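Welcome, and please open the structure in your viewer. We will take a short walk through it, one selection at a time.

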Amino acid sequence: RVAITAGNFGSCDSTVDGMITLWGDKEGCDKAKKIIINLISGPTEVFEIPEDMSGVVIGKGGSKVKEIKSETGVRVSVGSRDSAVDSMIKVTLMGNKEGFEEAKKIIMDLISEPTEVIEIPEYMSGVVIGKGGSKIKEIKFSTGVDVILWSRDSAVDGMIKVTLRGKKEGCDDAKQIILDLISDDELESDEDNDEYVMNGHEIDTYGHGGYCYEEF
């Protein structure tokens with residue numbers, strides 16, 4: 001059962017086959033009902049992509065799927081990573097059937113673009129992200145590479161993945177910038193705590209702040 005809020009809170013008796021309930025003012029419910037009926041009665045196409053590419057297709061705050069809809073008239077629904085089977089998730093195209101081929105090509109081009117995955121200590125995520133995502137934006141601007149940090153919840157043995165997507169030269173530059181950021185911050189932490197890294201041995205450092213910029 002799915003509940004959809006439309007307009008201001010209130011009461012409304014709009015339903016679709018008893019499976020979807022809409023709450024809100026009458027005008028909002030009518031608009032929501034029309035959209036839902038158009039969606040479920042229109043053509044669809046389903047294909048699969050690797051689950052770790054979901055963030056690339058969705059984009060920050062859904063920016064990429066919105067861009068695809070604007071260009072092709074096609075709505076794109078990306079399955080959750082929890083729904084993955086053999087590390088693959090479903091992508092559903094809905095709406096303008098004439099735009100399906102173009103939308104699919106855009107998505108396949110996105111996921112086939114060169115990528116590189118590196119690992120960083122999860123407590124360093126804030127250093128790489130920067131305040132309000134400022135550091136990631138700076139890296140993208142200077143290298144032309146998209147930088148996607150995996151969530152800290154995904155850490156394995158204290159390490160999280162960072163996906164770099166773009167031209168190889170740009171990925172190499174972005175990787176070096178990130179490694180330099182981590183190295184510089186660790187040195188500063190060592191000085192602040194009167195601790196030093198000797199012969200590659202790990203040391204304890206204090207946590208770092210930062211803001212989540214893009215996670216999946």
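On this tour, a residue is called buried when its relative accessible area is under 20%, and exposed when that area is over 50%. Keep in mind that the model is predicted.

Select helix H3, residues 63-72, and show its side chains. Which residues of H3 are buried? They are Lys64, Val65, Ile68 and Thr72. Now look down the axis of H3: the buried residues fall within an arc of 100 degrees, so they line one face of the helix. In general, an α-helix has 3.6 residues a turn, so residues three or four places apart point the same way. Turn to the other side of H3 and pick out Lys66 and Ser70, which are exposed.

**Next: what lies over the buried face**

**Last stop: a sheet**

Now select strands E7, E9 and E8. In that order they make up an open sheet of 3 strands with antiparallel pairing. The edge strands, each pairing on one side only, are E7 (115-121) and E8 (146-149). On average, neighbouring strands here are turned by 25 degrees against each other, direction ignored.

Zoom in on E8 and E9 (residues 159-165), an antiparallel pair joined over 4 bridges. Which residue in E9 is the bridge partner of Leu149? Select Val162 to see that partner.

Notes: Residues are numbered from 1 along each chain as its sequence is written. This is a predicted model: local features need pLDDT of at least 70, side-chain atom pairs count only at pLDDT 80 or more; totals for chains, interfaces and linings use all residues. Side-chain values use heavy atoms; hydrogens and water are left out. Two strands pair if DSSP finds at least two bridges between them. Helices (H or I, at least four residues) and strands (E, at least two) are DSSP runs, numbered from the N terminus. Axes are lines fitted to C-alpha atoms, for helices over the stretch in contact, and angles run from 0 to 180 degrees between N-to-C directions. Buried means under 20% relative accessible area, exposed over 50%, partly exposed in between (1.4 Å probe, protein chains only). The arc is that of the directions from the helix axis to the C-beta atoms.
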